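These are my notebook entries on a structure that I examined. I set down what I looked up, entry by entry.

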Amino acid sequence: MDNGHGYEEFELLEDGSLGECSTQVANATFLTISKLICLVVAFKFIKHIPISTTVRVYVHVFASTFTVMWFSRNHLQSAIIYNMFSLISLALAIKQFSGYIILAGNISLLIALQNFCRHYRSEDYFLSIRGILMIHIMRLTTVAFNLEKANSNKFRFVQFSSYVEYIYFPPFIIFGPYLSFEQFFKMRDKKWTGSENELGFIIQSLLAIFNAITLAIISSCHFEFFEPSSQFMEDALTAMSFRFSHYFVCLSTQAFVLMLGSDVVVANPLNIEFSRSTLQTVSEWNKPFHTFLHENIFKRRLFNSTACNVFFTFAVSSLLHGLDFQMTITLLALGFIAYSETVFRKRLSARYSMCVAAKACPVRSNSLSCKHRHSNKTGRALIINLFFLMLSMYHLVFTGMTFTDDYSAIGYPFDHAWKIWGSHYYSSFMISFLFLALSKII
Amino acid sequence: WWLLSKTDTSSANSGSSPILCKNVPGLTPQQKRMCHENPNIIKYLISGLRSALHTCEYTFQREAWNCTLTLPGVGTSPLQIASRESAYVYAISAAGVSHSLARACSKGLIDDCGCGETPQGSGSVAVSQASSRSSSDFVWAGCSDNVKFGNTFGRKFVDQYDRQHATEPRSQMNLHNNRVGRRLLVNAMNKECKCHGVSGSCVTKTCWKVMPKFDEFASRLHQKYQLAKLVTNNDQKLTVRSSPSAGSSGRSERFARNMDASSKQMRNELIYLDASPNYCAIDVKDRECGENCPNICCGRGWRTTREIVDEPCHCQFVWCCEVKCKTCKKLVERNYCL
């Protein structure tokens, strides 16, 4: 019948699907980023206007509330929730409560909110504002620690206004980044450095945005770029998609930071993709987050053993995500993997005097200050480091492959990660146990 | 009978399709040509067909007819009778083929096709419309399952035989049911999203359309099977008598009008021409019948065996990260037809 004619019809359907996917994602992500860029430009401008502190505080609070409403679904509700967190924390901080209590209080509040959302069957709403609240909590905790440190009983408005400005800085509310107090004020107080310099920053940040959108496209249309030939490839692609989405967020925030004239590094994707060790992966994953956790949790050494401190740090990090089982076990798994690898490599490098520890030997005055017999460049150390590089690439696949798209917007079921890890025979855990055992033997 | 023979061979050898195309009896010359020219597509077509029939068996495991297509007892295969069972089989296989092809396309497994269309057309206009309307909830963008390709290729291939005999009522029925299967599949498509935000949160998301899980779809189709409509052949047109089930509610009975099977109301309903054969003629000996033994065993009685099975129980999550279970002995009753 109409065979010959119709046969051509479906072959015509093929064209443009890659282009279509890419254009759609590019448009969608650019739309989001351009809104944020507007905020960045506006606040770069406002910084230079001489207005009174009181007005400045009001501008920041209102603009932030507006931003939260702009980017979230239940506008008014989100704004109220956002301000509720900061009001409670600021009140407690002024009453000289310790930073830990405020952190714990905020986390409980977050979990309460999560249960509240679950009760009303809107887990997806919680997921949509979780990221915003996470960074918010981190800023509030930083303020609390700072007030604790300042230890002044006298309440001064100037000081208070600077805290408010720090908490309510609209360009950083949605995607972050989290900046420490010092980093933030270094950025804020930066003077105009001449048009050539500024132009350089702008070109750098435009480059970062271009990279961010490219990565977002690959993240969303990955099956168009790569053809998975096996289950392993498919898992690797899922993990890649998750990582690239993270890089999209990191690089776009990196662009904002650059535009505002700061040199804070958010994340360098290449350092994560080709990382020396899992320790490097977790610390490079999101540097500001890492700094926060490292400075405020890990370094304060609540426990005597390093293992416990590592565990506690990762536990706090997972609690900042609310009670998210999948996130919790992924983070704890990462903590365990990184810890056992670090222990093993430390032992290895000491026993055989090689530069193979999880952290590279520090560079001092352009030469490696390596006290090992076999430096970085000897063949043996090179091969071992290459092996660990491959291994940490595998760990990235292992820990990332559970973040499949089917549940990403509604929350993952309890046994989701276990099932997927089971299909890889829990290999990363096995390797880590092996490392722990070996480090006792050698 | 191409569908049947197709499945027989596909379960035997799956990989080598060029040889397979020649060996399958009952394919029309055009089907053979398509099969020969698109070996890669046919691979997914066959796997879709197989998963459709597998799902069919699973769905019907608690009923008298357990989706067998070859019956020693009845004399002819159930598909040759234009019953509601064959309507179901046609619909689910057409949908299965589309399902498998559409998935394969969006995963980039077939060279000839890629992502499907995301809703509201494509390009920047639709995106900005969607985003301005639903604010920042989500934006349609990404790689949808290519149901259009699946349906087009499926239609070209599966409907081939019946389209050549489109004047026969049986072929009309098959075509209709195939179409219903595909249409229901399109209607059942869900939204899946990719989240962008700090640490796996969902501040912004881009969403695309995906197929439902196939067993969910099959149970939806099973409801349609139970509501399937009997049609009669009038002047080369299939018409529905005002449905017999509506007879109980007095009003509609008065208008005993005939409805065209291709009319709007019937577009999502399965149709059949003949009553089902007596599936009790099938040899049901030793078939497991679960809870529904009186029906499945057709009054021939059943026996119950009791076994003691080891099962994991009292599972506890041990921090971290282990699930510890005890093993319990459990008495399991299984019923088998005599």
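**Entry 1: V332(B) and its surroundings**

I began with V332(B), which is in contact with T305(B), R306(B), E307(B) and V309(B) when its neighbours within four places in sequence are left aside; contact means heavy atoms within 4.5 Å. I located V332(B) in strand β9 of chain B, residues 322–337. Helices (H or I, at least four residues) and strands (E, at least two) are DSSP runs, numbered from the N terminus. I also looked up I308(B), which lies 24 residues from V332(B) along the chain, with 6.2 Å between their C-alpha atoms.

**Entry 2: Basis of the values**

I noted that this is a predicted model, in which local features need pLDDT of at least 70, side-chain atom pairs count only at pLDDT 80 or more, and totals for chains, interfaces and linings use all residues. Residues are numbered from 1 along each chain as its sequence is written, chains are lettered from A and ligands numbered from 1 in the order in which they are written, and side-chain values use heavy atoms, with hydrogens and water left out.

**Entry 3: A sheet in chain B**

I found an open sheet of 3 strands in chain B, with the order β1-β3-β2 and mixed pairing. β1 (139–140) and β2 (190–196) of chain B are at the edges with a single partner strand each, so one side of each has no neighbour in the sheet. Two strands pair if DSSP finds at least two bridges between them. I read that β1(B) pairs in the parallel sense with β3(B), residues 204–210, over 2 bridges. W140(B) stands opposite C207(B) in β3(B).

**Entry 4: Two domains of chain A**

Which domains does the assignment give for chain A? I recorded domain 1 (52–174) and domain 2 (268–360 + 369–441); such bounds come from an automatic or database domain assignment. The centres of the two domains, taken over C-alpha atoms, are 30 Å apart. I noted that 19 residues of domain 1 of chain A are in contact with 17 residues of domain 2 of chain A.

The area buried between these domains is about 1,600 Å², and carbon and sulfur atoms give 72% of that area. Buried area is the accessible area (1.4 Å probe) that two parts lose on being put together, summed over both. Y100(A), M134(A) and M138(A) supply 34% of the area that domain 1 buries against domain 2, more than any other three residues.

**Entry 5: Salt bridges**

How many salt bridges are there between domain 1 and domain 2 of chain A? I found 1, a salt bridge being a side-chain nitrogen of Lys or Arg within 4 Å of a carboxyl oxygen of Asp or Glu. R130(A) forms a salt bridge with D324(A), with 2.8 Å between the closest N and O atoms.

Over all chains the count is 16 salt bridges. I also looked up R188(A) and E165(A), whose side chains meet in a salt bridge at 3.0 Å, N to O. This pair links distant parts of the chain, 23 residues apart: R188(A) is in helix α8 (residues 181–188) and E165(A) in helix α7 (residues 157–167) of chain A.
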